[in-house]
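Here are my notes on the model you asked about. Keep the structure open while you go through the points.

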Number of protein chains: 2
Amino acid sequence: MFSIGVDLGGTNIAAGVVDKSGKIVQLASIPTQRERNYAEIIRDLVELIQHVINKSSIHWSDIQKIGVGLPGVVDKKNKEVIYSCNLPFRYAPVGRDLKQFFDKPIYLENDANCAAIAEHNCGSTQGVYHFVLVTIGTGIGGGIFIDGRIYSGFNAAASEIGHMVIHSMGEKCSCGREGCFEAYSSATALIRQAKKALESQNDSILGQRVRSKENPLDAKMIFEAASEGDGLAQKILRDFIYHLSVGIVNLINIFQPEVVVIGGGVSKAGEDLLEPLRKQVYGSIYSGDFIPKPKLTVASAGNDAGIIGAALLEK
Amino acid sequence: MFSIGVDLGGTNIAAGVVDKSGKIVQLASIPTQRERNYAEIIRDLVELIQHVINKSSIHWSDIQKIGVGLPGVVDKKNKEVIYSCNLPFRYAPVGRDLKQFFDKPIYLENDANCAAIAEHNCGSTQGVYHFVLVTIGTGIGGGIFIDGRIYSGFNAAASEIGHMVIHSMGEKCSCGREGCFEAYSSATALIRQAKKALESQNDSILGQRVRSKENPLDAKMIFEAASEGDGLAQKILRDFIYHLSVGIVNLINIFQPEVVVIGGGVSKAGEDLLEPLRKQVYGSIYSGDFIPKPKLTVASAGNDAGIIGAALLEK
C-alpha cells in the first residue's frame with residue numbers, strides 16, 4: 001500500500017506517492033501562485049494529486065490515504081485550516097473539499113509538524129520520543145515531539161518557536177512583534193545580515209562572489225566563503241550562530257529534549273554549522289555542567305520531509 | 001490520612017501536615033541557613049518534620065507519605081537532587097537520607113512543579129490539563145502541565161522558563177547568560193528597575209514612600225503608588241509589564257496552553273497586574289486574531305502552594 005503526501009507551501013505545491021517505509025516513489029510539483037484564491041489553489045492541488053498517481057505505475061486501489069501539510073494552524077479533527085500566514089486560507093475546509101474528489105481518508109497537519117514526523121519515522125530522530133525540530137528557511141518553524149507525539153497545544157497553534165522574541169524591541173518581524181527568533185536566525189535574516197555587512201566592506205571574498213556570480217546571495221555562498229577564510233563571512237556567521245544559539249538554548253532550557261534537530265536549507269551546512277553552534281549552546285545551558293545534555297544534529301529526511309511526513313499522517 | 005509537604009527553599013524550610021483535600025492543618029518553618037553543608041540542612045529538615053507532626057494532634061500512623069519540593073533538578077526515580085542553584089545539593093541522595101528516619105514513601109520534585117501541582121489540584125487551574133505556571137519571585141520559575149502531568153524533559157531539568165533570553169546581550173543573569181526573562185521580570189528585577197528610576201526622579205509618591213517608610217522598597221509599594229496616580233511608578237510598571245508580556249507571549253506561542261497562571265509575590269497585585277498584562281499579551285499572540293486565546297490569571301493556592309504540591313506528590 002501507498003500514501004499520497006502533499007507539501008502545500010507558499011511557493012510550491014509538491015505531491016508524492018510514498019511507500020510504507022517513507023520512500024517517495026513518484027513526485028510532482030507546481031507553483032502555488034498564492035496570490036490566487038482558495039478555490040483555485042485547491043483545484044490545482046486536486047489535479048496535482050491525480051497527476052502524480054497517473055505518472056506512477058500505482059493503481060488507485062493501492063492508495064491508502066492522503067495527507068496534506070501546510071503552513072498554518074490546523075484543526076485536525078474537523079480537517080480545516082483555521083489560519084495560514086502564507087496562504088489565503090481562513091477556516092478553510094480542505095478535508096471536506098478534497099473528499100469530494102478522493103474517496104480516501106484525508107489528514108491535515110502543520111508543515112513543520114509533518115517534517116518532524118518524517119524525522120521521527122525515517123530521519124535523524126528515528127526512535128527518539130522527545131525532540132524539537134527547528135527548521136531554518138524563509139522563516140523558522142518548529143515541530144515538538146513529546147512522548148512520541150506531536151505537541152500542538154489546546155488550540156492546535158503551538159510550537160511557533162520562530163515567534164519567540166529573543167531581543168525585545170529588536171528587528172521587526174512579519175508577525176508584528178519585534179525581535180523574534182525568526183527575524184535573527186532564519187535564512188532570510190542571514191542574507192539580510194550579509195547584505196548589510198557587505199555594504200560597508202565589499203572587498204571580501206564574499207563581496208567578489210556576489211558581484212561576479214549570476215546566482216543571488218544565499219546561505220551556501222556565505223558558508224563557502226567563510227570556510228575559504230573570508231573574515232567578513234566568518235563574522236557574519238559568528239553573529240548569526242550566536243543568535244541561533246540563544247534561541248536553541250531557550251528551547252533547551254524550556255524543553256530539555258533528547259535531541260534538537262535542525263532542518264531547512266541552512267542545515268545543509270552540516271558540521272560547518274553544528275560545530276560552532278554546539279560550542280555556543282553547550283556552554284550556555286542552564287545547570288548544564290550537571291545534567292545530561294541534549295544532542296544537537298541536522299535533519300536527514302531531506303527536502304521532501306514535508307511530503308514524507310504528510311504521507312505518514314494518521315488519525 | 002495525611003501527608004507531609006516540605007518546601008525546602010534557599011531562605012526557609014517550611015513543613016506542613018496536609019489533609020487529603022490539600023488543606024494545611026499544621027505548619028512550621030525554620031531558616032535554611034543555606035551557607036551550611038548538606039548534612040546539616042537535612043538534619044534540620046528531619047527535626048522540622050518531627051516537630052510539625054508532634055505539634056499537630058495527628059498520629060504517625062495516620063501519615064501516609066512525605067513529599068519534598070526544592071529548587072533544582074530532581075531525579076524523581078532515584079530520589080536524588082542532581083543540582084540546585086540555591087542549595088549546596090549536588091547529586092544529593094535526599095530520599096535515601098530521609099528514609100533512614102521515616103519509614104514512609106518519600107517523593108521529591110522541583111519546587112515550581114510542586115506549586116503547579118497545587119494549582120492543578122486546588123488552585124486556579126483545577127481540572128485544567130494544559131497550563132503553564134509562571135512564578136514571579138526572587139527569580140522566575142516555571143511549572144508546565146501537559147496532558148494533566150508535569151513536563152520535566154528527558155533529564156528532569158526542563159521548564160526553566162526564567163532562563164529564556166528575551167533580550168540578547170541584555171541584563172546579566174545569575175545563570176551566566178545575558179537578557180534572561182528572570183533578569184527583566186522577576187520581583188528582584190522590578191525592584192532594581194524601580195531603584196534605578198528613583199535615582200533620577202525621587203520627588204514622586206514612590207520616592208517619598210521609600211524615604212519615609214521603614215520597610216524597604218518592594219513590589220507592593222510600586223503597585224500602590226501607581227494606583228494612587230504616581231507617574232513614575234506607572235512608568236516603572238509599564239516597562240516591567242512590557243517585558244513580562246514578551247516572556248508570556250513567547251510561552252504562549254510555544255505552548256498554547258489553556259491557561260497561563262501567574263504565581264509568586266508579584267501575583268498578589270491581582271487585576272492591577274493582569275489588566276494591563278492582558279492588553280499587551282492578547283495583542284501580540286501569533287495568529288491571535290484567529291485562534292482561541294489562553295486564559296491569563298493569577299495563582300490561588302497561596303504562599304503555601306509549594307507545601308501543598310509536595311504533599312500531593314505520588315509515584
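1. Start with helix 9 (residues 271-282) of chain B: Lys279(B) and Glu275(B) sit 4 residues apart in it, so about one helical turn separates them. (Helices, H or I with at least four residues, and strands, E with at least two, are DSSP runs numbered from the N terminus.) The two form a salt bridge, with the closest N and O atoms 3.9 Å apart; the term means a side-chain nitrogen of Lys or Arg within 4 Å of a carboxyl oxygen of Asp or Glu. Lys279(B) is exposed at 64% relative accessibility, while Glu275(B) is partly exposed at 46%. For these words, buried is under 20% relative accessible area, exposed is over 50%, and partly exposed is in between (1.4 Å probe, protein chains only).

2. A word on what you're looking at: this is a predicted model, where local features need pLDDT of at least 70 and side-chain atom pairs count only at pLDDT 80 or more, while totals for chains, interfaces and linings use all residues. Residues are numbered from 1 along each chain as its sequence is written, chains are lettered from A and ligands numbered from 1 in the order in which they are written, and side-chain values use heavy atoms, with hydrogens and water left out.

3. Now try another pair in chain B. Glu109(B) and Lys76(B) meet through their side chains in a salt bridge of 2.9 Å, N to O. Glu109(B) belongs to strand 8 (residues 106-110) and Lys76(B) to the loop between strand 5 (73-75) and strand 6 (80-83), so this pair ties together parts 33 residues apart in sequence. Glu109(B) is buried, at 4% relative accessible area, but Lys76(B) is partly exposed at 36%.

4. Over all chains, the structure has 22 salt bridges. Some join up: Arg36(A), Arg43(A) and Asp44(A) are linked in a network of them. Within it, the closest N and O atoms of Asp44(A) and Arg43(A) are 3.8 Å apart. Asp44(A) is buried at 13%, and Arg43(A) is partly exposed at 45%.

5. Over in chain B, have a look at Arg36(B), in the loop between strand 3 (24-31) and helix 1 (38-55). With 15% relative accessibility, Arg36(B) counts as buried. A polar atom of its side chain lies 2.9 Å from the backbone oxygen of Thr32(B).

6. How do the chains meet? 50 residues of chain A are in contact (heavy atoms within 4.5 Å) with 50 residues of chain B. Between them they bury about 4,400 Å², 63% of it on carbon and sulfur atoms; that is the accessible area (1.4 Å probe) the two parts lose on being put together, summed over both. The interface has 2 salt bridges. Asp147(B) and Arg149(A) also pair in a salt bridge, at 3.2 Å, N to O.

7. Finally, the inside. The largest nonpolar core has 121 residues, and Ile248(A), Phe255(A), Ile248(B) and Phe255(B) have the most contacts inside it. Such a core is a set of buried Ala, Val, Leu, Ile, Met, Phe, Trp, Tyr and Cys residues joined through side-chain atoms within 4.5 Å. Not counting residues up to four places away in sequence, Ile248(B) touches several residues, including Phe181(B), Val260(B) and Leu296(B).

Terms used:
Polar contact = N/O pair within 3.5 Å; in protein donor to acceptor, adjacent residues only side chain to side chain.
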